[in-house]
Amino acid sequence: MNEPVRRTGSGLEFYEVDGKHKALVDLETHVVTSKKQRDAYRRKKELEELGIQGRTRSFVLCFHDPIRALMGRLTLDEMGALIKLLPYLKYGEAGDLVHQGKRMDKAAIGKAIGKKQRQTAAILSKLTKEGALIAKKEGRKSVYAVAKEIHTMGEAGGNMFTKLFQTYAKKQLEKLTTQQAGVLYALLPFFHYRDYILAVNPNETDDDLIEPMNIEEVGKMLGISKASAYRHIGALTREGIMLETRAYGVSTFYVNPDFMFRATRGNEFT
DNA sequence: ATAGCCATGCATGATAATCA
DNA sequence: TGATTATCATGCATGGCTAT
């Protein structure tokens, strides 16, 4: 399994052999994972989830259905701004956004999402209008909270969700433009619950029936050009947030489980 | 605190070029 | 040949400034 049988002139390409098939794999940009490795990885993640092993990391629950609904109503910039704010969500009923001990106002949010006042105001106005954020007057300025129907650090209440790890996400999201972050946000409900594959049917229980989503489909779903889809997915892959594997001419994308994580226990799915 | 003005820079979509 | 990337014109965002 996975024996490199030929090294090509470009240095990093191998033939992977699995019985009767062969595939070209560029080991500089792709990984080769055996089923054994994959299963071991799953077990490790399950243990981590049960708290048996690994550090506890704070995470935000991201509910799939509301996010899918927002996808058609928000621009990439707006969705990117929203996901960039999630690391600042503070534990508690209200969904308050807090930075350095203070609830975040327009200026603090502008800094967090990397926009200047005019765009920040426009984005906040739209996110508030669409019900993703809730503005509250505090003195003469507004402070913001995230709608608990979309994101919470509390109970899931039987809805389907993906966890977003705050510390790692913050570090990674800072490297992304709001557009790139927006693509990630829109794709969040489309990573398979067990294999982390970007899929059209991310809740499919039979491995053989999982349909990977390709870049063109991502572009269509988001209403952006193929060229832009390639640029955005490429950026996410280069940052290590997504991983690309290629076999038999078909690319499959995975999300880095350090970034987001879907529970595997039955009671957390519908 | 917010918004208009305007030159400049950057992201975008269409499409051509290149890659494997 | 289909997938991916480069090119380029266009339009939106920004910075610096001023005005409410």
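User: What percentage of the atoms of DNA strand C within 4 Å of the protein belong to sugar or phosphate?

Analyst: This is a predicted model, where local features need pLDDT of at least 70, side-chain atom pairs count only at pLDDT 80 or more, and totals for chains, interfaces and linings use all residues. Residues are numbered from 1 along each chain as its sequence is written, chains are lettered from A and ligands numbered from 1 in the order in which they are written, and side-chain values use heavy atoms, without hydrogens and water. Bases supply the rest of those DNA strand C atoms, and the share of sugar or phosphate is 78%.

User: Which residue has a polar side-chain atom 2.6 Å from a phosphate oxygen of DNA strand C?

Analyst: A polar contact is a pair of N or O atoms within 3.5 Å; within protein, one must be able to donate a hydrogen and the other to accept it, and residues adjacent in sequence count only if both atoms are side-chain atoms. Arg118 places a polar side-chain atom 3.4 Å from a base oxygen of DNA strand C. For the phosphate oxygen at 2.6 Å, the residue is Tyr230.

User: Is Tyr196, with its positive phi, buried or exposed?

Analyst: Phi of Tyr196 is near 65°, though the residue is not glycine. Buried means under 20% relative accessible area, exposed over 50%, and partly exposed in between (1.4 Å probe, protein chains only). Because its relative accessibility is 7%, Tyr196 counts as buried.

User: And Gln100: buried or exposed?

Analyst: Gln100 also has a positive phi, about 50°, without being a glycine. With 69% relative accessibility, Gln100 counts as exposed.

Conventions:
A residue is near a molecule or strand if one of its heavy atoms lies within 4 Å of it.
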